[in-house]
Amino acid sequence: MLTQSGALLSDARTADEVIRMAKSSPGALACGGALILGRGVRPEIGPPKKEVMDETFGETPAVLFVSGGDSCWMNSAAETTYGFPPDACWSENCWRLLRALLKDQERSVPAFRNYLTMLNARGVTSVKEMGFDDFYGFPDALGQLEQEDALSMRVHFMSQPVGAPMNLEYGKAMRSRFSGGFVRFSGYNQMTDGSISQLEAEMKEPYLCADTCCAKKIDWAGLEADTLAADAEGFRYSLHAQGDAAICKTLDIFEKCRRGPDGKVLNRHAMTDLECSDPADLERMGRLGVTAEVYPQIMSIADRAGKLAMIREKIGTERGRNYWNRRKMQDSGVVLSCATDLPLLVDNIPESVYHSVYGLFPEGGEPFNRQNTLTVGELLTAWTRGGQYNLGRETELGTLEAGKLADIAVLDTNLFQAPPDEARAAQVCLTLVDGQVVWDSLR
């Protein structure tokens with residue numbers, strides 16, 4: 001929503017033009033005029049001095065997002081109001097803006113419906129949606145949309161604590177309130193470490209370029225306490241882990257959760273991302289029954305030379321062999337569920353085949369870690385049955401079987417036979433949800 005709200009500023013060629021367009025555009029005003037928003041600022045345009053932003057927008061917070069990046073232009077009022085600097089406007093900070101935007105349902109509900117349509121056009125019929133903290137009143141909108149039969153996708157929203165501690169009473173209320181076919185409360189989500197490129201992934205051995213295993217301080221005791229408390233109340237927990245040590249410590253937490261006679265966790269706990277993993281931990285993950293939420297399109301935002309250079313510098317080629325090791329996950333009995341870190345990446349099933357089956361970076365060339373890739377069938381299973389298993393809906397959805405609900409995506413290309421470039425170029429031509437057409441490329 002933040003990337004699509006406010007004045008469109010992409011036509012501006014200078015900083016002065018950006019500011020002039022933002023100041024004069026009626027679309028820049030949000031939340032009853034209490035906030036000025038802009039989007040699409042060209043990244044090559046350097047931001048103006050803070051004094052210029054302050055003089056132009058005064059005491060009204062102004063946030064102008066740069067296209068394709070985690071940065072924005074802000075005046076002093078915005079920095080004071082929202083508590084983060086312009087070079088740190090990623091999701092875990094932008095919840096402060098979302099609190100106001102989501103409550104403005106004249107703006108947020110149409111934006112949400114457009115978002116659903118965009119995903120329908122990509123074959124998506126269900127989503128795990130991050131609702132920071134208590135989702136800032138937006139569950140009321142979800143309930144109203146479900147009551148009106150106005151949802152074109154099944155929404156499973158989670159609570160990710162960012163502005164307040166985990167709230168189990170909120171989760172209980174949401175679980176009780178939403179039990180229909182289109183809206184469900186799906187538990188809790190939290191971050192652990194960060195990326196290897198920024199030395200923030202927690203590794204078992206130190207980085208080659210720095211005397212540290214992780215440049216980020218992680219509250220593992222707090223994460224464990226929250227996960228076990230949620231598990232005791234029957235909620236699932238998704239933990240985002242990238243480095244091999246973070247993956248190992250996350251599994252240590254899940255091992256303490258309630259388990260059945262087969263040793264598997266009772267709730268559908270999941271781990272997200274798993275950038276660089278120890279194969280032994282993936283075997284343990286399979287035994288525990290923890291789902292892997294993987295990003296099969298992640299290679300689309302990198303290039304081969306740059307990625308390999310980063311790996312050599314940070315962790316070395318030997319540990320680099322464990323990068324994106326979905327093959328070992330599959331062979332270890334881990335249920336894979338495909339995902340994207342939206343809006344960084346928007347779901348694209350054919351593109352995911354190109355990257356995660358053929359191991360190719362966008363420019364093509366030699367595959368990267370081909371030994372770690374999946375087959376077409378395994379990847380499509382992860383997008384379908386694996387995703388529904390992750391959301392606890394596999395008895396109703398995820399496979400084409402008599403008696404299941406008809407959520408179906410139709411592509412114009414046989415991905416089992418198409419070579420890599422043809423697979424990447426495939427298009428979704430028809431999407432059905434509950435047997436109803438929600439996307440038809442011929443319309």
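## Helix angles: terms

Angles between axes under 35 degrees count as roughly parallel, over 145 as roughly antiparallel, 65 to 115 as roughly perpendicular, and the rest as oblique. The axes are lines fitted to C-alpha atoms, for helices over the stretch in contact, and the angles run from 0 to 180 degrees between N-to-C directions. Helices (H or I, at least four residues) and strands (E, at least two) are DSSP runs, numbered from the N terminus.

This is a predicted model, in which local features need pLDDT of at least 70 and side-chain atom pairs count only at pLDDT 80 or more, while totals for chains, interfaces and linings use all residues. Residues are numbered from 1 along each chain as its sequence is written, and side-chain values use heavy atoms, with hydrogens and water left out.

## Helices α14 and α15

Helix α14 (residues 349-356) and helix α15 (residues 376-390) have axes that come within 10 Å and cross at roughly 135°. The two helices are therefore oblique to each other. The crossing of α14 and α15 is right-handed, a term used if the near helix is turned clockwise from the far one by less than a right angle (left-handed if anticlockwise).

Contact (heavy atoms within 4.5 Å) is made by Ile 349, Ser 352, Val 353 and Ser 356 of α14 with Val 376, Leu 379, Leu 380 and Trp 383 of α15. By class, this contact of α14 with α15 has 6 nonpolar, 2 polar and no charged residues. Here Ala, Val, Leu, Ile, Met, Phe, Trp, Tyr, Cys and Pro count as nonpolar, Asp, Glu, Lys and Arg as charged, and the others, Gly among them, as polar.

Helix α4 (residues 91-103) packs against α5 at an angle of about 95°, with the axes 5 Å apart. That makes α4 roughly perpendicular to α5. Leu 101, Leu 102 and Lys 103 in α4 meet Gln 105, Arg 107 and Ser 108 in α5. This contact of α4 with α5 has 2 nonpolar, 2 polar and 2 charged residues.

Helix α5 (residues 105-120) also crosses helix α6 (residues 138-147), at roughly 55°, and their axes come within 11 Å. That makes α5 oblique to α6. The crossing of α5 and α6 is right-handed. On the α5 side, the contact includes Val 109 and Phe 112; on the α6 side, it includes Leu 142 and Leu 145. The classes in the contact of α5 with α6 are 6 nonpolar, 2 polar and 2 charged.

## The cavity

Rolling a probe the size of a water molecule over the atoms shows where empty space is left. On a 1 Å grid over the protein atoms alone, a cavity is a set of points where a 1.4 Å probe fits but cannot get out; a pocket is an open set with protein on both sides within 12 Å along at least five of seven lines; and lining residues have an atom within 4 Å of a point. Grid points are joined across faces, edges and corners, and a volume is the space filled by probe spheres set on the points.

The count comes to 1 cavity of 30 Å³ or more. The largest cavity has a volume of about 70 Å³. Among the residues that line it are Met 299, Trp 324, Arg 326, His 355 and Asn 372.

## The second largest pocket

The second largest pocket holds about 320 Å³ of space. Of its 18 lining residues, the closest to its centre are Phe 185, Ser 186, Arg 236, Leu 391 and Gly 392. Strand β8 (residues 183-191) gives the most to this lining, with 4 residues.
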